[in-house]
Amino acid sequence: MSVSKNLEQVKLTIPEKVTLIAVSKTKPNSAIEEAYALGQRDFGENRIQELKDKAAVLPEDIRWHAIGHLQTNKVKYIVPFVWMIHAVDSLKLLVEINKQAIKHNRVINCLLQFHIAQESSKFGLSMVETEELIATEAFNELKNIKIAGVMGMATFTDNQDVIRNEFKTLKNYFDLLKPKIGNDSFKEISMGMSGDYQIAIEEGSTIVRVGSSIFGTRN
Ligand SMILES: *Cc1c(COP(=O)(O)O)cnc(C)c1O
């Protein structure tokens, strides 16, 4: 199947109010252009060098989402153009994003990444850590950051109950944080990938990040 046929199939299964990010990591620019020609504008990448290289040559109206774990020293490469950073899990990272954003006179959309999976390898904050973070003076001084919502990844498992419960947990964190963050832009719940986005949407996802169902399996 071609990228455009896959994309059309996936779009049929996603309500219009949910944002579909086409996760194009490891895939060539030609695959992105094929999706772009169908009107797809949100693309996600997890490696900074690859994201930077692709953004430099692909159409300027693409909204690039940095979806993977981000090291502080790499922030400067993406802040000039990135639309949203999904995996923010420390104050240190926020401070650096803010610093670079000031240099480029931009406000960067950031999602707080939560650790919801059973696996210990996945990055992300706990609710306690987040409450501590947002109570700090340093956090409240970040003027070039827009906290746009939350992001999480479910456990890699066939057990749908486990996945569903983890998504419920993330939705619950979002609901608890909304009044505390207190801005109208705090509205996104980025959860769901190729294997589990249907469950994620049922549990309140507003952004799904779908790679292999659109572009085929990765090596
Ligand atoms: C790769 C990746 C995805 C997409 O995964 P698929 O299973 O190919 O849909 C989504 N989110 C993150 C953070 C990823 O790294």
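**Ligand site and overall fold**

The ligand sits in the largest pocket. This is a predicted model, in which local features need pLDDT of at least 70, side-chain atom pairs count only at pLDDT 80 or more, and totals for chains, interfaces and linings use all residues. Residues are numbered from 1 along each chain as its sequence is written, and side-chain values use heavy atoms, with hydrogens and water left out.

User: How far is an N or O atom in the side chain of Lys25 from an oxygen atom of the ligand?

Analyst: A polar contact is a pair of N or O atoms within 3.5 Å. Arg218 places a side-chain N or O atom 2.8 Å from a ligand oxygen. For Lys25, the distance to a ligand oxygen is 2.7 Å.

User: What radius of gyration does the chain have?

Analyst: The radius is taken over C-alpha atoms, and the globule rule is 2.2 Å times the number of residues to the power 0.38. The C-alpha trace spans about 50 × 40 × 30 Å along its principal axes. For 219 residues a compact globule would have a radius near 17 Å, which agrees with the chain's 17 Å.

Notes: A polar contact is a pair of N or O atoms within 3.5 Å; within protein, one must be able to donate a hydrogen and the other to accept it, and residues adjacent in sequence count only if both atoms are side-chain atoms. On a 1 Å grid over the protein atoms alone, a cavity is a set of points where a 1.4 Å probe fits but cannot get out, and a pocket is an open set with protein on both sides within 12 Å along at least five of seven lines; lining residues have an atom within 4 Å of a point. A molecule sits in a cavity or pocket if more than half of its atoms lie within 2 Å of its grid points.
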